[in-house]
Amino acid sequence: MTVTVSATGLTLRYGGTRALDDVSLTLGTGVTGLLGPNGAGKTTLLRVLATAVPADRGSFTVLGHDPGSAAGRQELRRRLGYLPQNPGFHPDFSAFEFVDYVAILKEMTDRGARHREVRRVLEAVDLSDVRGRRMKRLSGGMRQRVALAAALVGDPGFLVLDEPTVGLDPEQRVRFRELIAQAGEGRTVLLSTHQTEDVAMLCQRVVVLAGGRVRFEGTPAELTARAAGRVWSSAERDPGARAGWRTGTGMFRNVGDPPEGADLLEPTLEDGYLLTLGDGEREAVA
Ligand SMILES: Nc1ncnc2c1ncn2[C@@H]1O[C@H](COP(=O)(O)OP(=O)(O)OP(=O)(O)O)[C@@H](O)[C@H]1O
């Protein structure tokens with residue numbers, strides 16, 4: 001993997017809360033998923049990497065740019081696309097006006113070139129037909145796509161997406177996956193999500209964060225492999241299971257340390273994720 005983003009010892013406190021606690025990681029081109037329970041520090045990490053908030057300690061570089069200096073920060077921001085958790089929309093802006101507004105903030109001063117770029121990114125997210133429609137009249141899924149289009153303005157090398165698929169219906173979610181996969185070709189994309197399925201379907205790499213610390217960094221297959229031999233079927237909930245539930249077949253699916261001779265099942269990425277978290281943390285999983 002050619003490293004494009006590298007972070008060392010990132011630490012950030014909010015009062016008594018350590019939102020990030022000595023986080024080190026590396027990213028390469030392609031899509032990396034960031035998983036973690038509520039309050040794990042995902043949004044904080046994305047905000048730090050997007051230079052929206054400085055870390056108390058630690059350092060990082062993005063595409064060779066070090067935000068430690070004003071010049072490095074500016075270069076980094078020029079190469080960055082950021083879709084925050086709650087992008088603020090002016091409800092009366094049209095989709096075109098919203099993306100154009102972001103393009104102006106991204107220093108695109110030539111009106112003609114800027115408008116061509118706005119049309120290009122709206123086309124990329126399949127919204128050319130509704131570009132004149134007011135934001136307040138777009139569906140939630142369309143609004144998310146407008147926000148993605150805005151993040152894609154200027155062809156950024158590093159794309160940071162904070163829970164981009166939240167609130168989307170299954171069809172929109174799949175459509176969004178297509179767009180993110182396309183965006184990940186030749187770019188570094190880091191997206192946070194609570195959907196282990198998004199990670200299994202989309203990501204080449206995955207980072208698990210809990211309590212502000214990195215608990216896992218690797219491929220989705222490696223995270224899934226953590227649950228190999230640790231998922232089994234039984235007629236009743238196995239008391240030794242860390243998690244267990246009756247599935248649609250009527251049988252229980254148990255995750256944990258199986259008894260002798262258990263009827264083992266194929267693990268999923270979600271199983272590997274659950275086993276990576278501690279007991280208290282697992283309860284916090286959304
Ligand atoms: N501005 C802030 N002021 C005080 N505490 C904060 C602030 N932002 C985050 N925190 C705290 O830092 C910790 C990490 O929060 P963060 O939002 O990064 O987690 P998250 O993994 O994104 O959670 P979620 O999945 O719920 O969005 C939490 O304990 C949170 O309450």
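Trainee: What radius of gyration would a compact globule with 286 residues have, and what does the chain have?
Mentor: Keep in mind that this is a predicted model. A compact globule with 286 residues would come out near 19 Å. The chain has 21 Å, which agrees.

Trainee: And what box do the C-alpha atoms fill?
Mentor: Roughly 70 × 45 × 35 Å, taken along the principal axes.

Trainee: How many helices and strands are there in the chain?
Mentor: Ten helices and 13 strands.

Trainee: What share of the residues is buried?
Mentor: Buried residues make up 41% of the 286. Look at the contacts too. Take those with a separation of 6 or more: 66% of them join residues 24 or more positions apart.

Trainee: Now the sheets. What is the strand order in the open sheet of four strands?
Mentor: The order is β11-β12-β10-β13, and the pairing is antiparallel.

Trainee: Which strands stand at the edges?
Mentor: β11 (241–246) and β13 (263–264). Each has a single partner strand, so one side of each is left without a neighbour in the sheet.

Trainee: What holds strands together in a sheet, anyway?
Mentor: Strands of a sheet pair through backbone hydrogen bonds, either parallel or antiparallel.

Trainee: Back to β13. How many bridges does the pairing of β10 and β13 have?
Mentor: Two, in the antiparallel sense, with β10 covering residues 231–234. Serine 233 stands opposite aspartate 263 in β13.

Trainee: Is aspartate 271 buried or exposed?
Mentor: Buried. It has 24 C-beta neighbours inside 10 Å, and the cut-off for buried is 20 or more.

Trainee: What does aspartate 271 touch?
Mentor: Leave out residues up to four places away in sequence. Then aspartate 271 touches Ala227, Val231 and Val255.

Trainee: And how far apart are aspartate 271 and glycine 64?
Mentor: They are 207 residues apart in sequence. In space it's 36 Å, C-alpha to C-alpha.

Terms used. Residues numbered from 1 in each chain as written. Predicted model: local features only at pLDDT ≥ 70, side-chain atom pairs only at ≥ 80, totals over all residues. Rg over C-alpha atoms; globule rule 2.2 N^0.38 Å. Buried ≥ 20, exposed ≤ 12 C-beta atoms within 10 Å, placed from the backbone. Contact = placed C-beta atoms within 7 Å. Pairing = 2+ DSSP bridges.
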